[in-house]
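Welcome! Here is a short briefing to read alongside the sequence and the 3D view.

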Amino acid sequence: MKIKIEPYNVMWPNIFKELKCQIRNKINEDDISIEHIGSTSVNNLSSKPIIDILIGVQSIKLDNYIMPIIDIGFTYVKEYEKETPNRRFFFLDNNFKRISHIHLVQINSMWYKRHIAFRDELRSNEFVKKEYENLKYNLAKEDWLNVDAYSNAKTKFIRSIEKRILYEN
């Protein structure tokens, strides 16, 4: 399978804002964080055109949030909990096209902190952003078994950046 990387689309932040509004209307709690993460959250960074959303909650009862997110139209993928038990994963398709992912975790978890730190580094460091974009374009030239294999191929780069900003500062 080929991965399609697209140039930055100025509509991506607007799509996130619309989805955030829907989530906020369904999960009416003050102590949750709804963040735009991933490459679509970084100005002028090419990406797969899928809006990644990180929801951080105080509660350890992540399952309490599954139905409200399903009610918005997202599909819950329970099997990913085998690999990442402290995260709930959802996706949204429109006309058989993937639109968005939601990653639901505890707000004080390392999963949450790593993803926010990586996003913030891409937003503030032009060199890292360009390096990451080049990696994605190079990986997109290959044939992949599935999108997870492509994502796993980026992991070494991502972890090296996370390690530097979270543990060496």
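In this briefing, contact means heavy atoms within 4.5 Å. Helices (H or I, at least four residues) and strands (E, at least two) are DSSP runs, numbered from the N terminus. You are looking at a predicted model, in which local features need pLDDT of at least 70, side-chain atom pairs count only at pLDDT 80 or more, and totals for chains, interfaces and linings use all residues. Residues are numbered from 1 along each chain as its sequence is written, and side-chain values use heavy atoms, with hydrogens and water left out.

**Helices α4 and α5**

- Helix α4 covers residues 126–140 and helix α5 residues 147–167; they pack at an angle of about 165 degrees, with axes 10 Å apart. Here axes are lines fitted to C-alpha atoms, for helices over the stretch in contact, and angles run from 0 to 180 degrees between N-to-C directions.
- That angle makes α4 roughly antiparallel to α5. Angles under 35 degrees count as roughly parallel, over 145 as roughly antiparallel, 65 to 115 as roughly perpendicular and the rest as oblique.
- From α4, the residues V128, E131, Y132, L135, K136, L139 and A140 meet Y150, A153, K154, F157, I158, I161 and R164 from α5.
- By class, this contact of α4 with α5 has 10 nonpolar, no polar and 4 charged residues. Ala, Val, Leu, Ile, Met, Phe, Trp, Tyr, Cys and Pro count as nonpolar, Asp, Glu, Lys and Arg as charged, and the others, Gly among them, as polar.

**Helices α3 and α4**

- Helix α3 (residues 110–124) packs with α4 at an angle of about 105 degrees, the axes being 5 Å apart.
- This makes α3 roughly perpendicular to α4.
- F118, E121, L122 and S124 of α3 make the contact with E126, V128, K129 and Y132 of α4.
- The residues of the contact of α3 with α4 comprise 4 nonpolar, 1 polar and 3 charged.

**Aromatic rings**

- The whole structure holds 6 aromatic pairs. Rings of Phe, Tyr and Trp (its six-membered ring) pair if their centres lie within 6.5 Å; planes under 30 degrees apart count as stacked, over 60 as edge-to-face and the rest as tilted.
- One of them joins Y132 and F157: the ring centres are 5.5 Å apart and the planes at 10 degrees, so the pair is stacked.
- Because Y132 lies in helix α4 and F157 in helix α5, the pair ties together parts that are 25 residues apart in sequence.
- Y132 and F157 are both buried, where buried means under 20% relative accessible area, exposed over 50%, and partly exposed in between (1.4 Å probe, protein chains only).
- W144 and Y150 form an edge-to-face pair, 6.2 Å centre to centre with 75 degrees between the planes; both residues are buried.
- F118, Y132 and F157 form one aromatic cluster.

**Loop residues**

- E29 sits in the loop between α1 (12–26) and β1 (33–37) and, at 30% relative accessibility, counts as partly exposed.
- Apart from its neighbours within four places in sequence, E29 is in contact with R24 and Y65.
- N44, in the loop between β1 and β2 (51–57), has a positive phi of about 65 degrees although it is not a glycine. N44 is exposed, with a relative accessible area of 52%.
- N95, in the loop between β4 (87–94) and β5 (97–106), also has a positive phi, near 55 degrees. N95 is exposed, at 68% relative accessible area.
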